[in-house]
2 protein chains.
Amino acid sequence: MIDLKNKILSMVSEDFAEIEHALKQNLNPYLDLISEVASHILFSGGKRLRPLLMILSARICGYKGNMDKTYSTIFEYLHAATLLHDDLVDGATLRRGKPVAHSIWGNSITVLTGDFLLGRSLSISAKTGLLKVIQIITKITEDMSQGEIHQLTRIGNLDLTEDEYMEIIRRKTAVLIQGACWTGALIADASEKEEKGLAEYGFDLGIAFQMADDLLDYTSDTSILGKEVGTDLKEGKLTLPVIYSLKKADYEDRIIMEKIITDKNFSFNDFEILIELLKKYGGLEYTKKLASKHIEKAKNSILFFEPSATKELLLNIADYALVRKA
Amino acid sequence: MIDLKNKILSMVSEDFAEIEHALKQNLNPYLDLISEVASHILFSGGKRLRPLLMILSARICGYKGNMDKTYSTIFEYLHAATLLHDDLVDGATLRRGKPVAHSIWGNSITVLTGDFLLGRSLSISAKTGLLKVIQIITKITEDMSQGEIHQLTRIGNLDLTEDEYMEIIRRKTAVLIQGACWTGALIADASEKEEKGLAEYGFDLGIAFQMADDLLDYTSDTSILGKEVGTDLKEGKLTLPVIYSLKKADYEDRIIMEKIITDKNFSFNDFEILIELLKKYGGLEYTKKLASKHIEKAKNSILFFEPSATKELLLNIADYALVRKA
């Protein structure tokens with residue numbers, strides 16, 4: 001696992017450095033305060049998955065221009081904008097081991113800096129001069145807010161179905177990762193086949209990525225994750241491991257699970273009991289398998305590309321999404 | 001004054017009906033809750049100034065298509081999105097005589113519905129297929145959030161200058177009204193001269209409109225205004241009437257004014273005293289004169305158009321911006 005991570009990192013170190021540079025260069029606010037708040041969320045050890053995927057997608061389609069790093073910021077700014085608003089919505093306290101923005105600067109500045117990042121993201125999209133790119137990205141902004149609202153309206157709802165969960169993570173996570181890969185193909189003026197393949201790769205990777213994220217909330221360590229384990233549950237967010245296990249549980253165990261889930265101050269011991277039940281009823285295993293299936297689908301979508309270092313990277317990133325620890 | 005309002009209303013009643021229809025038709029959320037929250041802000045007696053200006057600007061440039069009503073929603077959705085976020089930032093309680101959204105649905109839903117409206121607005125911009133329109137609108141989203149943050153960082157600051165005030169209202173208000181007029185010209189494939197004329201008209205109208213708004217906070221009645229008079233001051237927002245008067249006041253009067261301004265629980269009597277001082281030092285008069293100057297400039301920018309009912313309307317709307325009571 002560590003090997004896969006190191007392998008990927010060694011192959012993208014130059015891209016990473018250029019992404020960091022582009023993220024600093026393109027922020028351009030006229031107030032220092034915005035720079036400060038935006039930087040707090042932007043430069044706090046994010047994985048840069050979305051910009052990296054856009055750059056690699058463009059590269060595998062033969063992109064020869066020099067605007068890919070600039071365009072890649074669209075997806076990190078948009079991601080950061082939603083993190084700022086979502087952390088506030090969730091009442092989160094930590095993000096990547098650091099206090100969240102709204103706990104430092106208050107709700108108002110945080111909301112408005114999110115708006116600014118959204119605006120920057122869309123301004124840079126407009127710079128591509130490609131209507132299809134712009135349409136994809138504006139649609140993403142609609143989807144993401146709706147996905148988040150959908151999730152919010154189901155907080156603490158024990159009857160959330162797997163279908164609803166899929167609908168929520170599609171909008172909340174998958175469409176943005178899909179958009180990054182799709183845009184990469186579009187700026188490279190790719191063939192229809194390449195465009196479709198990368199869009200599908202991004203979509204399935206996005207679904208699997210979110211499922212893996214939801215698993216980490218039950219299987220990781222707080223110190224590695226950079227936020228508390230069990231946070232989703234504390235926020236009343238039911239994710240697939242729980243949804244599946246609740247459905248499968250017998251009456252008695254379901255009562256125990258419901259009691260823990262609805263108790264916002266559940267103890268560490270309660271959490272351990274819940275994890276045992278998630279194991280007993282296969283919720284963790286089921287989620288892992290479903291995520292694997294999406295990863296396989298993602299990889300299959302780009303198999304037709306000629307062998308190259310970039311293709312290998314995209315395949316490795318897909319595999320890594322499943323085994324990552326944070 | 002009433003005559004001018006009625007004259008304008010009689011000339012645009014059909015447009016108004018079509019704008020209302022388009023605002024309902026184009027919202028398209030997949031969740032009822034979003035529809036409910038968005039409708040609360042969208043259908044609460046807004047003036048529809050921005051969509052109307054876009055439609056009239058297109059018409060005066062000879063627009064013959066049937067998408068103007070749809071495109072006009074861009075500016076009302078964007079406006080509504082910022083109102084949702086700004087009311088939250090300001091801690092406002094009333095908007096157009098109704099409780100603000102965040103007091104009914106809470107901060108989270110309100111922030112996210114604002115995000116959704118922003119997304120809708122940009123998706124519809126993308127539908128125009130005109131890169132320049134998209135660039136103008138994405139730039140507006142950046143400007144508006146920065147203007148609001150700028151204002152927020154100067155809350156309660158007695159040293160706010162007229163220049164800073166102008167910079168804030170330019171970003172907060174003028175660029176959106178300018179964008180509406182400019183977009184009207186662009187969808188009508190107008191000449192450069194027409195495009196420039198309407199963009200300038202919108203900009204100066206926007207500046208004057210905001211100044212008139214800031215005056216109303218000192219000169220209107222709560223019942224007509226739909227929100228409490230003196231709200232800006234209660235929120236610590238210094239606007240031009242106060243900025244100018246503070247600068248002109250003698251030492252003794254400045255002390256009195258500062259005391260009232262910095263007291264968040266100032267009494268009705270305090271407020272009356274302040275208004276007397278705004279009159280004494282000419283802050284109200286100065287603001288009115290400056291707004292008039294911008295209205296004259298706005299009107300001059302479109303004088304070159306051939307005489308028409310649409311031109312008369314645009315001129316009347318400019319005049320009305322100054323004399324309106326709410």
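Two residues are in contact if their C-beta atoms, placed from the backbone, lie within 7 Å. This is a predicted model, in which local features need pLDDT of at least 70 and side-chain atom pairs count only at pLDDT 80 or more, while totals for chains, interfaces and linings use all residues. Residues are numbered from 1 along each chain as its sequence is written, and chains are lettered from A in the order in which they are written.

**View 1. Chain A meets chain B.** Here 36 residues of chain A are in contact with 36 residues of chain B. On the chain A side, α2 (32-42), α4 (68-90), α5 (101-127) and α6 (131-153) each supply at least two residues; helices are DSSP runs (H or I, at least four residues), numbered from the N terminus. The most comes from α6(A), with 14 residues.

**View 2. The kinked helix α5(A).** A kink of about 100° is centred on Asn107(A), the bend being the angle between axes fitted to the seven residues ending there and the seven starting there. Of the 27 residues of α5(A), 20 are buried, so this helix is largely enclosed by the rest of the structure. A residue is buried if 20 or more other C-beta atoms lie within 10 Å of its own, exposed if 12 or fewer, and partly exposed in between. After α5(A) comes Gly129(A), with a positive phi near 75°.

View 3. Look in the loop between α2 and α3 (49-60) of chain A for Arg48(A). Its phi is near 60°, and Arg48(A) is partly exposed, with 19 other C-beta atoms within 10 Å.
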